[in-house]
Amino acid sequence: MKKPFVAVGSIFFLILAGYFFLFRDSEPKIEVKHVDKSISSLVSGDLNYHFRGRRYHQEEIDKSKQKLEAFLMSKMRSEKGFYTNYLSDPGGQEHATGHDQLSESSGLYLVHLALTGTKAEYDTFYQDTKELFYENHQFSYRVTVDGKRSAVNASLDDLRIMRSLLIAGTRFNDVSYQEEFKNVSKYFVKQSMNDGLLTDFYDSESKKQANEVSFFYLDYSTLGKVYQANGLSPEILQYQLNLTKKAKISSTFPLYQQKYNYKTQSYESGKTINILESLITILYLAEIGEADSDSLTFIKENVEKGTLFNSYNQNGEPVDTNQSAASYAFAAMIGFYTEDRALYQQATRILQNFQVTDSSSEIYGGIGDPKTLEVYSFNNLVTLLTYDV
């Protein structure tokens, strides 16, 4: 009498086992045939950041930079950081607006100060950044206008801040910055990485990580030093580089898918391809000598025509034909890192056209719309960094 029950039970457990086998969360398998020299060199040596000096100095850029910096400090600077927008708003929005403050902005400015500022300027602003954003061993990505910190970080922003520490340590010849880098990166590895794989964010309230990584978050130059300081294998960084290379959409439309989901082991994008996200991805590849030749050709051709549109569909057709100053700023930096002087100069010439040159304007010197007074700190700070290199 018991045999039919055993048979049914066996079938049930077989079905159950099959279900879990087919539908369980998949974990990525780190399989790397070899580690490229570009990766192995990042995870070795000292913790100094070997940045390049200015190569394409242009006098007109210096003038633009002075006006831009004056605008930022007088109109966009808060007590300890930068406002997201020049215009204020009631706040409480899902996304950062108005006088909310982002660690993104502070990270960009810290890199600027590490490259060109004084030690005292850097130290003061770094301390301000920690007081404003740092909590639960990570930098909150956002502080609202009413002072509320988000429990979520953005790994890209943390990496920018850590990059600034590496540059400061080299430029100011002070090992204390390296010690701070080690301390911050130790918790970054615990919270924003999963077995050495970068994830987009960590929520300190729910204690949960993202399941995916956005390719424009993969700052290889900085990650290499995070790996080195924390004893992580270069094979894991190589694995992420390989994922990025496979994310190129096509040879005729050589921009990149947005992210990779580790659980589903699949590439993901929205309905459109954001040009900024792809340009940052290409920039981080260019910094380590891994930029795709098709991508560089696409950028150069569109800079020459002045057609770096905000977004495209998967077939490479423009969806949003508006353009951003930041797009040309990143294109210029890609020219810098690929030693393409013509690209750098063409991109910066277009970039300067976004700057408000009417001295009677409320936003004179800034990158924004003089009619609506719509000004984003991101565009302005990325432009400032472009003028630093």
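The lining of the largest pocket holds 18 nonpolar, 11 polar and 8 charged residues. Here Ala, Val, Leu, Ile, Met, Phe, Trp, Tyr, Cys and Pro count as nonpolar, Asp, Glu, Lys and Arg as charged, and the others, Gly among them, as polar. The model is predicted: local features need pLDDT of at least 70, side-chain atom pairs count only at pLDDT 80 or more, and totals for chains, interfaces and linings use all residues. Residues are numbered from 1 along each chain as its sequence is written, and side-chain values use heavy atoms, with hydrogens and water left out.

The largest pocket contains about 1400 Å³ of space. Of its 37 lining residues, Glu104, Asn274, Leu276, Tyr376 and Phe378 are the closest to the centre. A pocket is an open set of points on a 1 Å grid over the protein atoms alone, where a 1.4 Å probe fits, with protein on both sides within 12 Å along at least five of seven lines; lining residues have an atom within 4 Å of a point. The volume is the space filled by probe spheres set on the points, which are joined across faces, edges and corners.

Helix H10 (275-287) is among the helices that each supply at least two lining residues, as are H6 (155-171) and H14. H10 gives the largest share, 4 residues. Helices are DSSP runs (H or I, at least four residues), numbered from the N terminus.

Next, the aromatic rings. The count comes to 20 aromatic pairs. Rings of Phe, Tyr and Trp (its six-membered ring) pair if their centres lie within 6.5 Å; planes under 30 degrees apart are stacked, over 60 edge-to-face, and the rest tilted. Two tilted pairs are tabulated.

| Pair | Centre to centre | Angle between planes |
|---|---|---|
| Tyr134 and Phe139 | 4.7 Å | 55° |
| Phe330 and Phe378 | 6.1 Å | 40° |

The second pair links distant parts of the chain: Phe330 lies in H12 and Phe378 in H14, 48 residues apart. Phe330 is buried at 5% relative accessibility. Phe378 is buried at 15%. Buried means under 20% relative accessible area (1.4 Å probe, protein chains only). Tyr134 and Phe139 are buried too. Elsewhere, ring pairs join Tyr122, Tyr126, Phe172 and Tyr177 into a cluster.

H12 and H14 also meet another helix. The buried residues of H13 pack against H3 (59-76), H11 (293-305), H12 (325-337) and H14 (377-388), with contact meaning heavy atoms within 4.5 Å. Among those buried in H13 are Leu343, Tyr344, Ile350 and Leu351.

Terms used:
Buried < 20%, exposed > 50% of the residue type's maximum accessible area, 1.4 Å probe, protein only.
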